[in-house]
Amino acid sequence: MTPMTYRGKSVPSCHELIETFPRLPDWYREKAAKIKDYYMAIEFDPHLTKEEKLPFMVEWWSKARELLISCSVVRSDIEAAIKSSNLYLREGSSKLLGKLYESDIPLLVFSAGIGDVIEQLFRQRYKLYDNIHIISNWMEFNHEGMLVGFKGETIHVFNKNTHALSNASYFDSLRHRHNVILLGDSLGDLDIIEGLSTEDRTLKIGYLNHHVEANLPKYKDGYDIVLAEEDSIELLQLLIENISNSS
């Protein structure tokens, strides 16, 4: 749900936000930047298959985690970093979140980022309604509030189906619902619906932000609607309004 830019300024990813923590040394930022630049180029390379990219995504997360854990990060760093950052959801998200809650429509945020950052973003700048469920990578802190590791297996952009199945109890609670709107900004996001039984009743909206010309054919094959370099969430707002008004 995060855009590439918000009101003319670049929006950081969860990992980029962490790099702004004041307590982190310069050597961490340098190493983190090199790791990101190397593996992000692989993630969005239009000439590589998903299978070819998979081992690199696992390697990326392992290196990034080890580097971060070595830097004595504490829980309060996350709260402070968000307050001073340009990390926002897409324009119009606040109104959309309220409408989803009022209409009793569940919202699943399935992210290969960091759950602790996402949760704090909702709490600080929006509202963490009861209908919102987050599946992501969660930090593990000790009794002093210091980061000592991450919980469970790594979620990266190309293994979201596996983790969808591992959260079967959540999806089981939604079996009575027969329609899904999927928003994604990568081809890996399409795998989420493989854990559902309503794939034939899913509207898939894809946000294409990288290598637009080269990736457009693949996105058009996977998604029903493709929005290139689009930072608002206006289309989904209109859909939810129309659905609510017709029910």
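Which residues of H3 are buried? They are Lys53, Met57, Trp60, Trp61, Arg65, Leu67 and Leu68, where buried means under 20% relative accessible area with a 1.4 Å probe, protein chains only.

Before I go on, the ground rules. This is a predicted model, in which local features need pLDDT of at least 70 and side-chain atom pairs count only at pLDDT 80 or more, while totals for chains, interfaces and linings use all residues. Residues are numbered from 1 along each chain as its sequence is written, and side-chain values use heavy atoms, with hydrogens and water left out. Helices (H or I, at least four residues) and strands (E, at least two) are DSSP runs, numbered from the N terminus.

H3 covers residues 50-69. It has 20 residues and reaches 28 Å from its first C-alpha to its last, close to the 28 Å expected at 1.5 Å a residue; the expected span is 1.5 Å times one less than the number of residues. The buried residues of H3 pack against helix H1 (14-18), helix H2 (26-43) and the strands S3, S4 and S5. Contact here means heavy atoms within 4.5 Å.

Those strands make up an open sheet in the order S3-S4-S5, with mixed pairing. Two strands pair if DSSP finds at least two bridges between them. At the edges are S3 (107-114) and S5 (147-151), each pairing on one side only. Neighbouring strands in this sheet are turned by 35° against each other on average, direction ignored. For angles, axes are lines fitted to C-alpha atoms, for helices over the stretch in contact, and values run from 0 to 180 degrees between N-to-C directions. S4 (residues 132-141) pairs with S5 in the antiparallel sense over four bridges, and phenylalanine 141 stands opposite leucine 147 in S5. H3 packs on this sheet, touching S3, S4 and S5, and its direction makes about 155° with that of S5.

Now the other sheet. It is open, has three strands in the order S6-S7-S8, and its pairing is parallel. S6 and S8 are the edge strands, each pairing on one side only. S7 (residues 202-208) is mostly covered, with six of its seven residues buried. Five bridges join S7 to S6 (residues 180-184); leucine 203 in S7 is the bridge partner of isoleucine 181. Four bridges join S7 to S8 (residues 225-228), where isoleucine 205 is partnered by isoleucine 225 and tyrosine 207 by leucine 227. Two helices lie on these strands: H9 across S7 and S8, at about 175° to S7, and H10 across S6, S7 and S8, at about 170° to S6.

On a 1 Å grid over the protein atoms alone, a cavity is a set of points where a 1.4 Å probe fits but cannot get out, a pocket is an open set with protein on both sides within 12 Å along at least five of seven lines, and lining residues have an atom within 4 Å of a point. Points are joined across faces, edges and corners, and a volume is the space filled by probe spheres set on them.

The second largest pocket has a volume of about 250 Å³. Of its 17 lining residues, the closest to the centre are Leu48, Lys53, Phe158, Leu187 and Lys218. H3 and H9 (212-222) each supply at least two residues of that lining.

The structure holds one cavity of 30 Å³ or more. Lys95, Leu96, Lys99, Gln237 and Glu241 line the largest cavity, and the largest share, three residues, comes from H5.

Terms used
Buried means under 20% relative accessible area, exposed over 50%, partly exposed in between (1.4 Å probe, protein chains only).
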